[in-house]
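Take a moment with the sequence and the 3D view. Then follow the text through them, one stop at a time.

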Amino acid sequence: MVKIEDIQQYGKEHLETVVASATTLQNGFQAIASDYGDYTKKSFEDTKSLVEKLSGVKSLDKAIEVQTEFAKSTYETYVAEAQKIAGLYTDLAKQAYKPFEGLVAKFAPTSAH
């Protein structure tokens with residue numbers, strides 16, 4: 001027989017789980033947004049630096065060299081940031097699911113092998 005106290009306890013546990021997960025999601029998305037902001041700011045500063053360097057170049061060869069260095073640096077930074085942000089999303093997914101593990105384990109059927 002199901003007791004009203006059991007239903008209330010389950011509801012309380014479920015609510016606490018949802019709140020914990022929502023808090024984790026909020027903090028994770030803030031960290032990701034902050035990282036995107038930092039990357040955007042760095043990208044803007046790097047582009048500004050490129051324009052300053054190119055404005056002082058006297059030869060075509062030097063302009064190509066400066067542009068090539070910029071492209072290589074920009075690509076490396078992009079790849080590193082993309083990996084970092086992908087890691088943040090992965091961590092966020094794991095952390096957001098973590099509060100639900102207890103509920104899933106509590107109600108999931110156990111298999112006897």
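D46 is partly exposed, with a relative accessible area of 26%. Here buried means under 20% relative accessible area, exposed means over 50%, and partly exposed lies in between, with a 1.4 Å probe and protein chains only. Keep these classes at hand for the residues below.

A word on the source. This is a predicted model, in which local features need pLDDT of at least 70, side-chain atom pairs count only at pLDDT 80 or more, and totals for chains, interfaces and linings use all residues. Residues are numbered from 1 along each chain as its sequence is written, and side-chain values use heavy atoms, with hydrogens and water left out.

Now the overall plan. The protein has two helices and zero strands. Both kinds of element are DSSP runs, numbered from the N terminus: helices are H or I with at least four residues, strands are E with at least two. The protein has 113 residues, and 13% of them count as buried.

Next, look at contacts, which means heavy atoms within 4.5 Å. Take the contacts in the protein with a separation of 6 or more: residues 24 or more positions apart account for 77% of them.

Turn to the charged side chains. How many salt bridges are there by this rule? The count comes to three. The rule asks for a side-chain nitrogen of Lys or Arg within 4 Å of a carboxyl oxygen of Asp or Glu.

One of them joins K84 and D35, with the closest N and O atoms 2.9 Å apart. This pair links distant parts of the chain: K84 sits in helix 2 (residues 60-107), D35 in helix 1 (residues 4-55), and 49 residues separate them. Is each partner buried or exposed, or in between? K84 has 46% relative accessibility, so it counts as partly exposed. D35 is buried, at 6%.

Back to D46. It forms a salt bridge with K42, and the closest N and O atoms are 2.9 Å apart. Both residues lie in helix 1, four residues apart, about one turn of the helix. K42 is partly exposed, with a relative accessible area of 37%.

In helix 2, K62 and E65 are three residues apart, again about one turn of the helix. They form a salt bridge, with the closest N and O atoms 3.5 Å apart. K62 is partly exposed at 39%, and E65 is partly exposed at 38%.

What about a charged residue without such a partner? E81 is in helix 2. E81 is buried yet has no salt bridge, and the nearest side chain of opposite charge, K84, is 4.7 Å away. For charge, Lys and Arg count as positive and Asp and Glu as negative, while His and the chain ends are not counted. Leave aside the neighbours of E81 within four places in sequence, and E81 is in contact with D35 and Y39.

Move along to S21, in helix 1. S21 is buried, with a relative accessible area of 7%. Which residues does S21 contact, leaving aside its neighbours within four places in sequence? They are A96, P99 and F100. A polar atom of the S21 side chain lies 3.0 Å from the backbone oxygen of A96.

P99 is in helix 2 and is partly exposed, at 22%. With its neighbours within four places in sequence left aside, P99 is in contact with T17, A20 and S21. P99 and A20 are 79 residues apart in sequence, but their C-alpha atoms are 6.6 Å apart in space. H14, in helix 1, gives another such pair: H14 and F100 are 86 residues apart in sequence and 8.4 Å apart from C-alpha to C-alpha. H14 is partly exposed, at 35%.

Finally, the surface. L25, F29, Y36 and Y89 form a nonpolar patch there, with about 380 Å² of accessible area together. Patch residues have over 30% relative accessible area and no salt bridge; like charges are joined within 9 Å, and nonpolar side chains (Val, Leu, Ile, Met, Phe, Trp, Tyr) within 5 Å. Helix 1 gives the largest share of the patch, three residues. F29 is in helix 1 and is partly exposed, at 46%.

Methods: Areas by Shrake-Rupley, 256 points an atom, 1.4 Å probe, with all protein chains shown as cover. Polar contact = N/O pair within 3.5 Å; in protein donor to acceptor, adjacent residues only side chain to side chain.
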